[in-house]
Every structure is written in C-alpha cells, then in structure tokens.
Amino acid sequence: LYLEVMPNGSKCWRWKYRFGSKEKRLALGVYPEVSMSTARGGRDQARAVLRQGRDPSAERKADKARAVLEGANTFEAVAREWLEGQRRSMTPTTYAKAERTLKTNVFPWIGSRPVADLEAPEVLAVLKRIEGRGANETAHRVRARMGQVFRYAIALGVATRDPTADCAFCCSSRLCAERLRTASVPSEAKSDAFLPVDSCCW
C-alpha cells in the first residue's frame, strides 16, 4: 500500500499486487478524504479476493458494469420502454391512462429499484397502499400493468419472474364481497351466489 502523488498534486492510495504473472495496481481512494486506516481496510478486502484466486481489479470493473446495467434496468426504465413499445397499439387515451397509473401509483415507490430484484412483498406493498385509499379497482389495474412490465422484462432477459403472480389475492376478499353484493342474482339462485374466490378475483 502506498500513496501516489499525481502530476496535478493530488494524492491517491494504491495497492500494488501480482495476479498471475502480471503486476497490477488497485486505487483505494483519494487522500485525505480516504484515511490510511480506510485504505488499509480496502486493501485487506482486495487481498481476501486475491486469496480466492480472483483479480480484485477485474472484480471491481465487473461490479461497476453490473451497477450501470442495474441502473439502466430499473422498474421505471423498463416500464417506460414497454410503454413506448405499446404506443402504436394503444389509443392516446389508453396510453395516457397507463402512463399516469404507473407514474402515480408505482414509480414513486419502486421505480428506482432494479426490476430483477423486486419481490412479491414490495409489489404487494404498492397494491395495499392503493387498496388503503379504497381504490380496489385501481389496484387491479395497477397489478395488471405491473405484470405486463415484468413479463416484458423477462422477455428482455433482465428479469426472471413476474412477482405480481404471487399477489393475486390482494384485495380479494373485500373486492369479491363488493362484487357479490352488487351482482344481480335471481332469488332462486341465491344459494349459488357464493362463488369461489378464484372465480371473481383478478
């Protein structure tokens, strides 16, 4: 570990090591923003990677590339790409509603999350937040739109599954009850009015 003085006078912590038959250097931060103890900690972490037979510099490059990829594949980025692809098949009114639905109900909470990292609990939290204001039908529409985005992400290869499939029960009991109460059922058929939950939800 050493402190390299650059031509412009700045100072940078570097660690010199060998990987295979090549001598390499790993930057560990600028002095004095990065203290010696912090630089030593970074060196120790890199040394542990080296002991496992991996190149610390290559690992860092891979991490940076992964971070860039994840930033390009956030839920909002994928959703907007999907929306743009639907522009020709949707009427202007439908397109505007779909965009507004996602922008208002979804993006503020999970828009910045990598689409591949999203799990059912996060999706369910979005839907329950909508349900909490009494907008059950909106929750259904939001879930449907989110499902379309996730399936598009799977087709692109930036996600592996659609977590909205695990949230099919969201709002089910309340919404089913409302639909059953408002349904027009002949008096002689009232005994058959209680349908299975799966038949009237989502």
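Since the model is predicted, local features need pLDDT of at least 70 and side-chain atom pairs count only at pLDDT 80 or more, while totals for chains, interfaces and linings use all residues. Numbering starts from 1 along each chain as its sequence is written, and side-chain values use heavy atoms, with hydrogens and water left out.

**Cores**

Let's start inside. A nonpolar core here is a set of buried Ala, Val, Leu, Ile, Met, Phe, Trp, Tyr and Cys residues joined through side-chain atoms within 4.5 Å. Buried means under 20% relative accessible area, exposed over 50%, and partly exposed in between (1.4 Å probe, protein chains only). The largest such core has 29 residues, and F75, V106, V115 and M146 touch the most other members. Helix 3 (75-86), helix 4 (92-105), helix 5 (107-110), helix 6 (120-132) and helix 7 (136-156) each supply at least two of its residues, with helix 7 giving the largest share, six residues. Helices (H or I, at least four residues) and strands (E, at least two) are DSSP runs, numbered from the N terminus. A separate core of eight residues includes W15, Y17, V34 and A39.

Contact means heavy atoms within 4.5 Å. Not counting residues up to four places away in sequence, M146 touches F75, V106, I110, V123, V126 and T164.

Axes are lines fitted to C-alpha atoms, for helices over the stretch in contact, and angles run from 0 to 180 degrees between N-to-C directions. Helix 4 and helix 7 pack at about 100 degrees, with axes 10 Å apart, which makes helix 4 roughly perpendicular to helix 7. T94, A98, T101, L102 and N105 of helix 4 meet T138, V142 and R145 of helix 7. The axes of helix 3 and helix 4 come within 11 Å and cross at roughly 175 degrees, so helix 3 is roughly antiparallel to helix 4. As for the labels, angles under 35 degrees count as roughly parallel, over 145 as roughly antiparallel, 65 to 115 as roughly perpendicular and the rest as oblique.

R145 sits in helix 7. This residue is buried yet has no salt bridge, and the nearest side chain of opposite charge, E99, is 11 Å away. For charges, Lys and Arg count as positive and Asp and Glu as negative, with His and the chain ends not counted. Leaving aside neighbours within four places in sequence, R145 contacts W82, M90, T94, A98 and L102.

**Loops**

Between strand 3 (22-31) and helix 1, the loop holds P32, and the Y31 to P32 peptide bond is cis, with omega near 10 degrees. G53 lies in the loop between helix 1 (36-51) and helix 2 (56-72) and is exposed, at 53% relative accessible area.

**Salt bridges**

A salt bridge is a side-chain nitrogen of Lys or Arg within 4 Å of a carboxyl oxygen of Asp or Glu. The whole structure has 12, including these:

| Pair | Closest N to O distance |
|---|---|
| K24 and D55 | 2.5 Å |
| E59 and R54 | 3.0 Å |

D55 is buried at 8% relative accessible area, and K24 is partly exposed at 26%. E131 and K128 both lie in helix 6, three residues apart, about one turn of the helix. Finally, E4, R14 and R25 are linked in a network of salt bridges.
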